[in-house]
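Colleague: I have a model open and would like to walk through it. Can you take my questions as they come?

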Amino acid sequence: MNLKLFKKYISFILIIMTITNYHLFNTITVHANEKKIIYLTFDDGPAGKVTKNILDILKKDSVPATFFLIGEQIKGQENLIKRMYDEGHALGLHSMSHKKNCLYSSNESFLKEMLDTQEAINSIVGIKPTILRFPFGCNNNYYKISQSMVDLLHQNNLKIYDWNTDSGDGANPNANPSLFIKNSRSDKDYVLLLMHCAYMSKNSVKALPDIIKYYKDNGYEFKVIDENTPEEFHFMKK
Ligand SMILES: [Zn+2]
């Protein structure tokens with residue numbers, strides 16, 4: 001090979017390397033942006049052994065979750081709240097009483113229950129959660145969310161999170177765990193999964209390992225809800 005040909009050969013190789021690298025870089029960048037997200041959320045804790053078992057599974061599988069807590073259940077179960085916090089889970093508000101007729105009698109009574117729950121959590125772990133979930137959802141058979149309620153909550157620095165995927169373990173906690181596994185499988189890019197860790201949620205514990213496996217196998221990133229997570233709720237059409 002003469003020198004001229006050799007130089008041409010080298011430039012050709014360099015061009016190919018540049019193009020290949022460019023494509024490789026672009027592929028990686030696109031995939032990083034495309035990573036799908038799962039938020040595991042558990043309502044109605046702390047609740048004794050069930051909540052403890054849920055925490056054990058999350059620890060074993062090294063995934064974080066968000067717990068929407070009932071204030072009146074915290075007394076005597078402070079160890080579970082401490083454990084959630086220490087193990088990197090997010091703590092959220094789910095009212096003191098979880099009773100529709102108390103909670104939804106006025107915007108002010110709803111707010112008071114959330115702030116009381118915030119204080120109960122603060123007294124144990126020294127943080128004031130600002131994320132909340134409406135018991136039975138923002139739009140339930142007893143109450144529909146209004147703009148005045150949203151304004152009041154936002155004035156108090158609180159953020160609202162319904163769900164976009166329902167395991168079904170709230171409506172029928174004793175159903176077969178396989179039903180919860182099936183209901184929980186979504187292919188959305190952004191999954192906010194509703195589950196429960198209440199006293200009656202024994203079958204949710206059985207379903208959880210398979211639900212985690214599904215989202216791991218499908219390349220999802222497990223995240224906790226924080227004040228930067230976009231809110232999730234909608235107004236019912238009148
Ligand atoms: Zn609830």
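Colleague: Where is Ser62 found?

Modeller: Ser62 is in the loop between H2 and strand S2 (66-69). Helices (H or I, at least four residues) and strands (E, at least two) are DSSP runs, numbered from the N terminus. Phi of Ser62 is near 55°, a positive value in a residue other than glycine.

Colleague: What should I know about the model itself?

Modeller: This is a predicted model, in which local features need pLDDT of at least 70 and side-chain atom pairs count only at pLDDT 80 or more, while totals for chains, interfaces and linings use all residues. Residues are numbered from 1 along each chain as its sequence is written, and side-chain values use heavy atoms, with hydrogens and water left out.

Colleague: How many helices and strands are in the chain?

Modeller: The chain has 8 helices and 8 strands. Of its 238 residues, 47% count as buried.

Colleague: New topic. Which residues are the protein donors of the zinc ion?

Modeller: They are Asp44 (OD), His94 (NE2) and His98 (NE2), lying 2.0 to 2.1 Å from the zinc ion. Donors are N, O and S atoms within 2.8 Å of the metal (3.2 Å for Na, K and Ca); water is not among the atoms, so sites may look incomplete. In sequence the donor residues are spaced D-x49-H-x3-H.

Colleague: Where in the chain are Asp44 and His94?

Modeller: Asp44 is in strand S1 (residues 37-45) and His94 in the loop between strand S3 (90-93) and helix H4 (100-103). The two are 50 residues apart, and the pair links distant parts of the chain. Both Asp44 and His94 are buried.

Colleague: And is His98 buried or exposed?

Modeller: His98 is buried, because its relative accessible area is 17%. His98 lies in the loop between S3 and H4, and has a positive phi of about 60° although it is not a glycine.

Colleague: What joins Gly45 and Pro46?

Modeller: A cis peptide bond joins Gly45 and Pro46, with omega about 0°. Pro46 is in the loop between S1 and H2.

Colleague: On to H8. Where is its kink?

Modeller: The kink, about 35°, lies at Leu208 in helix H8 (residues 202-217), shortly before the proline Pro209. The bend at a residue is the angle between axes fitted to the seven residues ending there and the seven starting there.

Colleague: What do the buried residues of H8 pack against?

Modeller: They pack against S1, helix H2 (48-60), H7, strand S7 (190-196) and S8. Those buried residues include Val205, Leu208 and Ile212.

Colleague: At what angle do H2 and H8 pack?

Modeller: The angle is about 10°, with the axes 9 Å apart. Axes are lines fitted to C-alpha atoms, for helices over the stretch in contact, and angles run from 0 to 180 degrees between N-to-C directions. That makes H2 roughly parallel to H8, a term for angles under 35 degrees.

Colleague: Last one. What does Phe42 touch?

Modeller: Not counting residues up to four places away in sequence, its contacts include Ile54, Leu58, Phe67 and Leu208.

Notes. Buried means under 20% relative accessible area, exposed over 50%, partly exposed in between (1.4 Å probe, protein chains only). Contact means heavy atoms within 4.5 Å. Angles under 35 degrees count as roughly parallel, over 145 as roughly antiparallel, 65 to 115 as roughly perpendicular and the rest as oblique.
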